[in-house]
Amino acid sequence: MTLLNESPHHGEDSANSFRGQAIAARATGKTKSKSNGSDSNDNQSEKELALQAAIDQITASFGKGSIMWLGRSATPRHVPVVPTGSFSLDIALGIGGLPKGRVVEIYGPEASGKTTLALHVIAEAQKLGGYCAFIDAEHALDPSFAEIIGVNTQNLLLSQPDCGEHALSLVDTLVRSRSIDVVVVDSVAALVPKGELDGEMGDAHMAMQARLMSQALRKLSHSLSLSQCILIFINQIRAKLSTFGGFGAPQEVTCGGNALKFYASVRLNIKRIGFVKKGEETIGSQVVVKVVKNKLAPPFKTAEFELMFGRGISSEAEIIDLGVKHKLITKDAAFYRINGQTFRGKENFKDHLLEDDSLREELIMKLREKLLGADDEVEEKDPDSVDQDHPEEEEPVGVIIPPVEVILSPDTIDEDVVAVVEV
């Protein structure tokens, strides 16, 4: 009985003791969490202080701007460009022209329009108020043809160097001056090393030109980014004799080794695919340019345009072809219709566009809004936003997608070699 009478008081004491232990445990837990939070904040502040001290030391040693925060810097997000003179090529490049401060390579077979395209870039840069230089290592520049294209030869620097070292030293000096907008080297194959010039005809010189180009590009890459100068190398192609890859291996290579392929931000492969005829007379060539490498936009896009003999790129033919493709111009057999006007034959329409500047500018504005404006809308669209009306369809289970096989032609070069892709 005494045990029964004492048991309620004993239970209350034990419950009170348990409550006290729980409250104490909670209090100690809170103090531990607070102390852990303060420790993490202290560690974070120590990291920030150490990082700031390292940044200050680098700035004091190497100068202001040697290291910076990428998102916080005042540099423009879009790379400034210079138009190429071809509207379709500007669209294929994805950024509206050739990027400033980068290396560009233009290569292709003979008489395909490499120098003509480079002269058009010079003409466009001079229209923007820039200074340009042409390093004529081939000693084959025609000043009258350059003037017809639109180059102001009075403000064009020209050099015809004796050897490759002389040419690349000139380029280095011009780029470091930070006053030149475009430098064209025509061509890499004509940059003869001095050791080869001093030797006898027929002597073997292993990789002298490749080592010269590799050293020059290592020195020039930093100066180019600071001066915002476009360095255009025109290059030739050669037949590759030792093709160990068997059938389908590249049969053609460019001159000057592999360094230019790595340092170039844009590589353009230009080829002639046909001729432009007026009756029985050949008045031009049909050219296709493939963007083999592009660090600023998706590569492997192509552009087709006409190169008229003695005139250069026919911008009128480009406008007509793009207008027909995007339904701004109605084509019915040999007749072209626009704004109630009808023209018979492409040549008559081109002649009218040469005379009517208002119609030409109207077509250019519409094409820019349709083609370049669409790219801007895609960039501005938020990638996280999902269209609720058209949700992504799930791939059905059990469906086998066959592998995609790419067949290569025997006249492809190194950049066209693509492995079999399995999806």
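**Helix packing and the sheet**

The axes of helix α5 (residues 164-176) and helix α7 (residues 208-227) come within 9 Å and cross at roughly 15°. That angle makes α5 roughly parallel to α7, a term for angles under 35 degrees. Axes here are lines fitted to C-alpha atoms, for helices over the stretch in contact, with angles from 0 to 180 degrees between N-to-C directions. Helices (H or I, at least four residues) and strands (E, at least two) are DSSP runs, numbered from the N terminus.

This is a predicted model, in which local features need pLDDT of at least 70 and side-chain atom pairs count only at pLDDT 80 or more, while totals for chains, interfaces and linings use all residues. Residues are numbered from 1 along each chain as its sequence is written, and side-chain values use heavy atoms, with hydrogens and water left out.

Which residues make the contact (heavy atoms within 4.5 Å)? On α5 they include Leu168, Val171 and Val175, and on α7 Leu212, Ala216 and Leu220 are among them.

Let us turn to the sheet. Nine strands form an open, mixed sheet in the order β5-β4-β6-β7-β3-β10-β11-β12-β13; two strands pair if DSSP finds at least two bridges between them. At the edges, β5 (156-159) and β13 (312-313) each pair on one side only. Strand β4 (residues 132-136) pairs with β5 in the parallel sense over four bridges, and Cys132 stands opposite Leu156 in β5.

Finally, α7 lies across β3 (103-107) and β7 (230-235), running at about 155° to β7.

Terms used. Parallel < 35°, antiparallel > 145°, perpendicular 65-115°, else oblique. Contact = heavy atoms within 4.5 Å.
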